[in-house]
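Hi everyone, thanks for coming. Let me put the structure up on the screen, and then I'll walk you through it.

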Amino acid sequence: MVEYTSESNPLPRHIAVIMDGNGRWARERGEDRVFGHANGVESVRSAVRAAGELGVEFLTLYAFSTENWARPKEEINALMELLVESLAGEVEELVRKGVRLRSTGAIDALPESCRAALKDVEERTAGCSGLSLILALSYSGRWELTEAVRRIVRSGIPAEAIDEDTVRAHLGMPDVPDPELLIRTSGEQRLSNFLLWQLAYSELHFSPVMWPDFREDHFKAAILEFRGRERRFGRTGEQVSGVGSSTGDQKTKKGE
Ligand code: FPP
C-alpha cells in the first residue's frame with residue numbers, strides 16, 4: 001500500500017489548488033472556454049474524492065478570482081451558472097461523504113443565485129465533520145489582506161499591539177491552518193494573488209496537466225512529492241535533520 005505520510009512530513013492537513021488550464025484545454029479541442037470549465041467540474045469531484053479518502057482536512061479551490069471579473073461577461077455568467085448547477089447537483093453527495101462546504105472571498109459581489117446556492121449548501125453541510133471544501137470566490141490575497149487591515153483599524157487595536165497573530169485572526173478563515181501544499185495545474189508557475197499570507201511557507205507543486213484532465217492519481221502524486229520535501233521554515237538543513245546541531249530536535253512549528 002502507498003504511504004502518503006513520512007516521518008518528516010505528515011499528510012498535509014490543508015491543500016490549496018489553483019485550477020488552471022480550462023480555457024487552453026477547451027481551445028485545444030476547438031471548443032469554447034466554458035466547455036473547459038464544465039469539464040473541470042469532474043476534476044473537482046476527483047480532488048474532493050482523493051482528499052476525503054486520504055483524510056486531508058481542508059481543501060481550498062481557487063474557483064473565481066477578483067481579477068476574473070475582468071473576463072468577458074458571457075464567460076463570467078457561464079461560470080456562475082456552472083457553480084449554481086454544481087452546488088445544487090452535488091449537495092447530496094457532499095452530505096453523504098461528510099464534506100462540509102465553506103466559501104471565502106467577496107461573496108456579496110456574487111450574483112444572488114450564487115449566494116443563495118452557496119448559503120443553502122453551506123447550511124446543509126454545516127454539521128459534516130469530514131473534509132472541509134473551501135471555495136475561494138471573488139477572492140484574492142490582496143483583497144483579503146486589505147479587508148483584514150480595515151477590520152483591525154475598525155476594531156481600534158493600538159498599532160503597537162498588532163502582531164502576526166492579530167493579522168491572522170482578521171483574515172477570512174482564521175480557524176483554518178495554512179496550507180502545507182499548493183498545487184497549480186497547467187504548467188504555469190505563479191501564485192496569482194492566491195492566499196498570499198497563508199502560502200508563506202507552503203510547498204509548491206506545479207503540474208503540467210490541464211485542470212480538466214487532473215484526476216485522483218495526479219492529486220495523490222502531488223502528495224507523494226510533498227512527502228519527500230525538506231521543510232526548513234528558515235532553519236538549516238542540519239537543524240531540521242538533527243545532524244550537527246544543538247537545536248536539531250526542535251519541533252517544526254506547523255503552519256508557519
Ligand atoms: C482557470 O482556468 C479556471 C477558472 C478561472 C475557473 C475554475 C472553475 C471550475 C473548475 C468550474 C467550477 C468549479 C466548482 C468549484 C464547481 P483558465 O480559464 O484560466 O484557463 P486558461 O489559463 O487555459 O485560460
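**Around the ligand**

So, helix H1 (22-28), helix H2 (33-54), strand E2 (58-65) and helix H3 (73-97) each put at least two residues into the shell around the ligand. When I say helix or strand, I mean DSSP runs, numbered from the N terminus: H or I with at least four residues for helices, E with at least two for strands. Keep in mind that this is a predicted model, where local features need pLDDT of at least 70, side-chain atom pairs count only at pLDDT 80 or more, and totals for chains, interfaces and linings use all residues. Numbering starts from 1 along each chain, as its sequence is written.

Which element gives the most to that shell? It's H2, with 5 residues. There are 20 residues around the ligand, and Asn 22, Gly 23, Arg 24, Gly 40 and Ser 86 come nearest. Near here means a C-beta atom, placed from the backbone, within 6 Å of the molecule. By class, we get 9 nonpolar, 8 polar and 3 charged residues. Ala, Val, Leu, Ile, Met, Phe, Trp, Tyr, Cys and Pro count as nonpolar, Asp, Glu, Lys and Arg as charged, and the others, Gly among them, as polar.

Is Ser 43 buried or exposed? It's buried, because 25 other C-beta atoms lie within 10 Å. The cut-offs are 20 or more such atoms within 10 Å for buried, 12 or fewer for exposed, and partly exposed in between, with C-beta atoms placed from the backbone. Leaving aside neighbours within four places in sequence, Ser 43 is in contact with Met 19, Trp 211, Pro 212, Phe 214 and Arg 215. Contact means C-beta atoms, placed from the backbone, within 7 Å. Ser 43 and Phe 214 are 171 residues apart along the chain, yet their C-alpha atoms are separated by 5.6 Å.

Asp 213 sits in the loop between strand E6 (203-206) and helix H7 (216-227). Asp 213 is partly exposed, because it has 18 other C-beta atoms within 10 Å. From Asp 213 to Gly 40 it's 173 residues in sequence, but 7.8 Å in space, C-alpha to C-alpha. And Gly 40, remember, is one of the residues that come nearest to the ligand.

**One more residue**

Last stop, Val 17: leaving aside neighbours within four places in sequence, Val 17 is in contact with Ala 47, Leu 61, Tyr 62 and Ile 183.

Key
Contact = placed C-beta atoms within 7 Å.
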